[in-house]
Each structure stands twice: as C-alpha cells, then as structure tokens.
Amino acid sequence: MLIFLDESGDCGMKGRGGSSEYFVVTAVLFEDNDAATACDNLIGEVRASMRLHKYYEFHFNRCSDRVREKFLRTVIGEDFFYSAIVLNKAKLWGEGFKDKDSFYKYTTRLVFENIKEHLHRATVIIDRCGERRFRDSLGSYLRRKINDGGTQS
C-alpha cells in the first residue's frame, strides 16, 4: 500500500487575515507502486498536453475549472481511493485548535484513523509541511496514536 497525504487551507483560525475558511487533509491510497506510477504518468500527460512545466503542482484553488476538469477526468479511471477530513474552522472551539501544530496533527490523525485498516505494511508519503523537527514530531505522534489506538490529542 502506498499512501500520499496532503492538505489544503491553513491551520490559522478563521477571522484572522488571510486565513482559509476550511482546513482539509486528504490521503490518497494506491494498492501498489504500479498503480501509483500509472496514475502519475497520466498526470504527467495532462501537464504536457496543457504545456505546463513537468513539475507543475496542481493547486485546485488556483486552477481554472477547465484545468480541474481535465485533471479529474484523466485520473477518474485509475486504481486508487481516498479519505479526507474537512473542517469548517469557524465551527471549532477549544484551546488545541489555537496551536497550528496541534491542529495539524489532530486533523491528520483523524484521516489516519479512517484508513487504519490499510496502514499495515504501508509506505506513507506526507507532503512537505513545516520544518524537519515538526515532520519528525508528526510521524512519532501518528505512530503512537494509531498503533496504540489512543484517542486523546
């Protein structure tokens, strides 16, 4: 199993300048490397057909409807599934949501709890987020919470 994790939005709370309304964390799961490679190759073909740089990253909040639709129509038949958590930040309360690192870890943990049955022998690739110390801390936190079945944040 190959799992890619990425987020959309920011961990800043709603009401502060530049903060997104929602925070989304999504895991995309492929049964094996061949399925991931096939999907990646098709995404490369989309980039080439649209004359985009070969390392262009599709950020849907910045893409036109035409680009989004072409991307989605291309990958729809590929062999993957996903799990996502969408949080409406205006509805959140509690001290833990005020700390960006804690907020990110908590939301990521929710996604991993949803895909827990697929984590055995999985390779997890988390989109680069924060400094190395935070990424190491996130990995340790997730292993501890998911492996121990802990539900405290």
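**Figure 1. Cys63 and its closest cysteine.** The sulfur of Cys63 lies 15 Å from the closest cysteine sulfur, that of Cys39, which is too far for a bond. A disulfide is a pair of cysteine sulfur atoms within 2.5 Å. By this rule, the count is zero disulfides. This is a predicted model, in which local features need pLDDT of at least 70, side-chain atom pairs count only at pLDDT 80 or more, and totals for chains, interfaces and linings use all residues. Residues are numbered from 1 along each chain as its sequence is written, and side-chain values use heavy atoms, with hydrogens and water left out.

**Figure 2. Two buried cysteines.** Cys63 counts as buried because its relative accessibility is 7%. Cys11 counts as buried too, at 12%. Buried means under 20% relative accessible area, exposed over 50%, and partly exposed in between (1.4 Å probe, protein chains only).

Figure 3. Four strands form an open sheet in the order 3-2-1-4, with mixed pairing. Strand 3 (81-88) and strand 4 (123-126) are at the edges. Each has a single partner strand, so one side of each has no neighbour in the sheet. From one strand to the next, the twist averages 15°. Strands (E, at least two residues) and helices (H or I, at least four) are DSSP runs, numbered from the N terminus. Angles run from 0 to 180 degrees between N-to-C directions; axes are lines fitted to C-alpha atoms, for helices over the stretch in contact.

**Figure 4. Strand pairs.** Two strands pair if DSSP finds at least two bridges between them. Strand 2 (residues 22-30) and strand 3 are antiparallel, over eight bridges. Here Val25 has Ile85 of strand 3 as its bridge partner. Strand 1 and strand 2 also pair in the antiparallel sense, over seven bridges. Ser8 stands opposite Val24 of strand 2. Strand 1 and strand 4 run parallel, joined by four bridges. Ile3 faces Val124 in strand 4 as its opposite residue.

**Figure 5. Helix 3 on the sheet.** Helix 3 packs on the sheet and touches strand 1 (2-8), strand 2, strand 3 and strand 4. Contact means heavy atoms within 4.5 Å. The direction of helix 3 makes about 140° with that of strand 3.

**Figure 6. Helix 3 along its length.** Helix 3 (residues 100-114) has 15 residues. From first C-alpha to last it reaches 22 Å, close to the expected 21 Å. The expected span is 1.5 Å times one less than the number of residues. Its buried residues include Phe103, Tyr104, Leu110, Val111 and Phe112. Lys105 and Arg109 are also among them.
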